[in-house]
Amino acid sequence: MSSSIKKLRVVGGDSVAAADDNNNIGGGGASVSEELKDIKSTMSEMMHMMKDMHNEMKDMRKDMNGMKKDISKLTKKCDGMEKSTEDIDKKFDDVEETLDDMRKRQKYIKVLLKNQKWEYSVDRPSDEYWYSLDEEEDEDDVAESFLADIQNSTEKMRYGSDGDIQIRARLLYNEELLPHWEEFSNAIEQYQYHQKCSHRGRKTFSLYGVELSDPILDLLSRALQSTYFEQFALGFNLNFGGKVKFALDYVDNNVNCKRFSLYDNPMNNIEDIKRLCEIVREHPSIKELILHGCKGEDVNGYEMFKMIMTSGRNKLKMIMLDDNSISTGGDSFISDFLSNNKKLKILSITDNQFDDNDAVAIASALKHNTTLSVLNLTNNNLTSAGWKALSKALFDKTSLYSAADSNHTCSIDFPSDNAAFADVLEINGGTDWLEPILVRQKKIYSILSARNRSLSNIDHFDDDMPVELLPNILTTIERYAKYHETNEEDDAPLQDSQDVKPLSIVFEILQRWDKSLAVFEALSS
C-alpha cells in the first residue's frame, strides 16, 4: 500500500493500532491472524451462550405452562370454595330466617300466654254520658253497638283470632269513650305478632261512622305503625275533613296493603289526591282502590278521575270511583285508557255524569280490551242509545263475523228494569269468569239457532261458496253446539233454552242449499 493509514479496530474489547506501509509485513500478518482467531472464538462462545439461553427459554416456557395449569386448578378450587361459601351463606341466612321466625313465634306465644289471663275491664261510660244521648235519634242504641264492636274487636286481637277488625257506629267523639279506644289500640299493637306468625290474620281493618278525633288518631297512628292489614277502609266518618292524611300515612307505611277504601270521606284538596297517586305508583302491594263519594268541594271530579286512573295504569286490578261528579265533557281519555290497559279487571263508575257519547267511546274500546271483566255504569246520564252501544259491544248480532268479533270477557251491569238488555245481562258470565272461546261459540250458535227458527241460515251464505266447504260447516255447527260442555264445568256458559238441536240446523242447510247434492259427488271424486 502506498499510503500510511491508521485504523482503530475493536476486537473482543481490545484496541489494536494498525502499522503503516513501512512496518514489518510479516509481523502485521501474524497479528491479523491472531485477531481473526479471537473473533472466531468470541463468536463461538456467543453461539454457545445463545444456545444456552434458548434452552433456558424452553425450560421457562415449560415452567410457565406448568404454572398456568396450577393457576387453572387453583382458580377452579377458588370457584368451588366461592360456591361453597355462597351455599354456606345461604344456609346461614336460612338458619337466621328460621331463628327469626322462632323468635317471633316465641314472642307471640308469650303474648298469647299473657293474654290468657287478660280480660276486657274498661268501665262503661257514666250515667251522665248516657243521659246526654238523644233517645229519639237512637243514639243510645248506636253507643251500645259501638261498645259491643270495640270490645269484640279488642278481644279478637288479644286472643289471636283470625278475621276482620271492624267498628261500625255513627257516633261522635266523647272523652268517656277514650279508655275503650286506648284498650283497642293496645290490642292492635300486640296483634302484629299474630300477623307475623299467621298469614290468615292479615285481613281487613275498617272504621265506619265513628268520629276520628285527634286523640283517637294519635292512638291509632302509634298502634298501626307495625301492624299491617291487607285491606284498610274508612267510611262515612263524622267530621272527617282533613283527616285523610292519617289514612294515607298508614297505606304508605303498610307494605302489605292490597286494598285501600274510602267511603263518603272527602278529599278536599288536590295535594291529597296527588299524594294518593304517588302512593299507588310506588306501593309494592296495592292492587285495589275504592274512592266512593270522595271528591271534595274544591276538587274537579274528572281531573281526579284521570289522575287516579293514570297512576294505576297497568297496575291496579280494581278501581271504584262511584259518586264523584265525574263528567268527561266529550274527552276521549276513558276510551284510550281502556283500549290499552292490560291489568284492570273491575271498573265501577256508577252515580256520575257519563253520557251516551262516553258509552259509545267505551263500547269502541271494549273491542280491543280482553282483560276487563266487570264494568258498572248504572245511575249515569245514559239513555237507551248509550246502553244499546254497550250491548252491541258485548254481542253484535248483525252477522256471525260481528258476533265473533264482540267482547267475550266483560260483563256490564245493564238496567235490570229494561227487558231489551235481558239477553246480555249474563252473556259474558256476570261475576263468574267464563272461558272466552266458549262464550264466543255460544253467541255464534245463538244466531244460528235464531235463524233456524225462521229457516234463514242459508240466506246468509255466499252464493259462490265452494261446495267442498259444506262438510267443514256441518262439523263446525256440531262443535259450536257443545259450547256448554267442558271438563272445567264452572268455566263453561249455561246452555241457552232457546238453542235448537244442531241436527235441525244441519237439515235446514242440506235441504235448502241447491248445491248440497253435489257434495257427495265432490266427496266421491
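**Close-up views of a predicted model**

**View 1. The pairing of β10 and β11 at one end of the sheet.** In β11, Val374 has Ser411 as its bridge partner, and strand β10 (residues 374-376) pairs with β11 in the parallel sense over two bridges. Strands are DSSP runs of E with at least two residues, helices are runs of H or I with at least four, and both are numbered from the N terminus; two strands are said to pair if DSSP finds at least two bridges between them. This is a predicted model, in which local features need pLDDT of at least 70 and side-chain atom pairs count only at pLDDT 80 or more, while totals for chains, interfaces and linings use all residues. Residues are numbered from 1 along each chain as its sequence is written, and side-chain values use heavy atoms, with hydrogens and water left out.

**View 2. The order of strands in the open sheet.** Nine strands form this open sheet, in the order β3-β4-β5-β6-β7-β8-β9-β10-β11, and their pairing is parallel. The edge strands are β3 and β11 (411-412), each of which pairs on one side only.

**View 3. Strand β4 and its two neighbours.** On one side, strand β3 (residues 165-168) runs parallel to β4 and is joined to it by four bridges, with Phe205 of β4 as the bridge partner of Ile165. Strand β5 (residues 231-235) pairs with β4 in the parallel sense over five bridges, and here Ser206 stands opposite Ala233 of β5. From β4 the chain crosses through α5 to β5, and this β-α-β crossover is right-handed (with the strands pointing away from the viewer, the path from the first strand over the helix to the second runs clockwise).

View 4. Ser213 lies in the loop between β4 (204-208) and α5 (214-223), and it is buried, with a relative accessible area of 9%. Not counting residues up to four places away in sequence, Ser213 touches Tyr173 and Lys243, where contact means heavy atoms within 4.5 Å.

**View 5. Met43 on helix α1.** Met43 is in helix α1 (residues 25-116) and counts as exposed, at 52% relative accessibility.

Definitions and conventions:
Buried means under 20% relative accessible area, exposed over 50%, partly exposed in between (1.4 Å probe, protein chains only).
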